Amino acid sequence: MTSRPHTSEDTSVFQLPGAFCYRLNMTESSSNKLLNGDACQRSSKDKKSGKNGFVKNHCLFQQPQKYRRPREKNHNVVRNPSLYNKPFVESYEETPLLVAVLTYMGYGILTIFGYLRDFMRHWNIEKCSVARERDEQKDFVPLYQDFENFYTRNLYTRIRDNWNRPLCGVPGSKMDIVEQVSHDYNRTFQNTGKIMRDVINMGSYNYLGFAENVGQCADAAIQVTEKYGSGVCGTRCEMGNLDIHQEMEELVARFLGVESALTFGMGFATNSMNIPALAGKGCLILSDELNHASLVLGARLSGSTIRVFKHNNMVSLEKLLRDAIVHGQPRTHRPWKKLLIVVEGIYSMEGSIVRLPEVIALKKRYKAFLYLDEAHSIGALGPNGKGVVDYFGLDPNDVDIMMGTFTKSFGAAGGYIGGKRELIQYLRCHSHSAVYATSMPPPVAQQIITSMTTIMGEDGTSLGADRLRQLSENTTYFRRKLREMGFIIYGNDDSPVVPMMLYMPAKIGAFGREMLKRNIGTVVVGFPATPIIESRARFCVSASHTRETLDVALKAIGEVGDLLQLKYSRHQPTVTPGLGWMSEESYLQD
């Protein structure tokens, strides 16, 4: 992580293993900021690190927050209600002041003790068990970044047992986990030989339950394996283009309602390798501040100018669009070659849904292009499971580039780009992921075909419709129960991604461990993947979860919530006969 201070529109988050390294925010280069007339802070890259790779005069609290969330009462304001065919409700309860103060104190104490231990390591009072720069390389540029190494050494390692747990079975509604133990404070792990059976899986993106080893998807994949083998060993341009790939792409295009589609073997590369083919020097990319790391990487690799707008804030987006039209490129003031708006359908760390009707309205008004990443929303949203476009009842042709992955709702791997036929033909020749990457394995392609035809109802059964309905019911039930118990949860009411706020750093590891003791597998996330005072547990609801399974998980969450004092919500729920659950605020408004 660079030591340059953050601003609201220029933020950068370093990466760590596991769930900590999920999201990065974008940054403009210093030269671009100077050209735009912004102050450019001098970097402290010339500081030299000690023997252990740490910078002695670093201070955690020199870094302001990445972003400040609007107050709850203003967050759900819809600028143009006529664009929506249904209520758009998202909840972001403000962090209690006492909790925020205690969270900062927790990080402060951890930082102080971290520097104390680094001092002891520097003088060989305490053994240093992490990677170190060799003495003969002391005049080299440090290989390890200062705070990244400090944070990994003194906080992440202490709770690393909450991530990277090896599974030994299908990650369906329940899973089997290999038990591990560490004798050196989570630096290394050894398997005990024991297996934790039937752990309830509340962390996988298995929204429709197609990640399974029985059923029609598994049977079809086995048959295709016997016919084609397990791999292709060639690119689509050479000897790796099979008839099953063409069948899959025609089906994807029909499912999305677009002219054509192109598939790729890796979801991350679908973004990171295709955005550089769509934008370049002289283009302007307008990106939501909470976009996924693959979108951030693709935008940076493109060489385009990047400007970041506040999360789901249409006022911020319109201001950037207006400024881009009025001022043009820096210094020359020539018009931008291309304006590309990049958003996601469901934001996987917030559980929020993009305000797509308003984004499309702005895109049309300012003649921009729209790149929509539906990695988490495809299959999980909409009456027909066709994503956020289907959810809002919009025309797919209003989205210029429709991107999604097969790794969530379809239980497979890879990604796709959908759009106009000319766009897809262009990408076939110019996308690095299409030209150089090995073709998708045939069993994976068949998994996608079978699951997608099931969702569309073309398999002659109602299994797809049943799973879509079950996912919607499970999402509503799970979110409602968590609110009733007094937890603060974020996101849209229809999002199967359910973040539950933990806040304090000590509670990140404690929550994950206590839940595993109760045979519940969860994902916990903290700084830097989230703002420093907004650590959370992230649950993913699946159609494969039964009501009984969810009740068992909710009971365990309630017990751990009481144990760790996680029920921070100040909004008391009200149960009204005939109306079900609603918040006290909503009840008074009605």
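This is a predicted model: local features need pLDDT of at least 70, side-chain atom pairs count only at pLDDT 80 or more; totals for chains, interfaces and linings use all residues.
1. A residue counts as buried when its relative accessible area is under 20%, as exposed when that area is over 50%, and as partly exposed in between.

2. Glu514 and Lys517 meet through their side chains in a salt bridge, with an N to O distance of 3.2 Å. Both residues belong to helix α17 (residues 505-517), where a spacing of three residues separates them by about one helical turn.

3. Asp118 and Arg121 form a salt bridge between their side chains at 2.6 Å, N to O. The two residues sit three residues apart in helix α3 (residues 97-122), which is about one turn of the helix, and both of them are buried. Asp118 and Arg121 also take part in a network, in which salt bridges with shared partners join them to Arg117, Glu126 and Arg153.

4. A further salt bridge brings together the side chains of Glu249 and Arg236, at 2.9 Å from N to O. This pair links distant parts of the chain, since Glu249 lies in helix α6 (residues 243-256) while Arg236 lies in the loop between α5 (216-228) and α6, 13 residues away. Glu249 has a relative accessible area of 4% and is buried; Arg236, with 17%, is buried as well.

5. For context on the pairs above, a search of the whole structure finds 27 salt bridges. Side chains of opposite charge can pair when their charged atoms come close.

6. Turning to the strands, the model contains an open sheet of seven strands in the order β4-β12-β11-β10-β7-β5-β6, and the pairing within this sheet is mixed. The edges are formed by β4 (260-264) and β6 (305-309), each of which has a single partner strand, so that one side of each is left without a neighbour in the sheet. From one strand to the next, the twist averages 20°.

7. Within that order, strand β10 (residues 369-373) and strand β11 (residues 401-405) pair in the parallel sense, over three bridges. For a reader who wishes to locate this pairing in the coordinates, Asp373 stands opposite Met403 in β11.

Methods
Residues are numbered from 1 along each chain as its sequence is written. Side-chain values use heavy atoms; hydrogens and water are left out. Two strands pair if DSSP finds at least two bridges between them. Helices (H or I, at least four residues) and strands (E, at least two) are DSSP runs, numbered from the N terminus. Axes are lines fitted to C-alpha atoms, for helices over the stretch in contact, and angles run from 0 to 180 degrees between N-to-C directions. A salt bridge is a side-chain nitrogen of Lys or Arg within 4 Å of a carboxyl oxygen of Asp or Glu. Buried means under 20% relative accessible area, exposed over 50%, partly exposed in between (1.4 Å probe, protein chains only).
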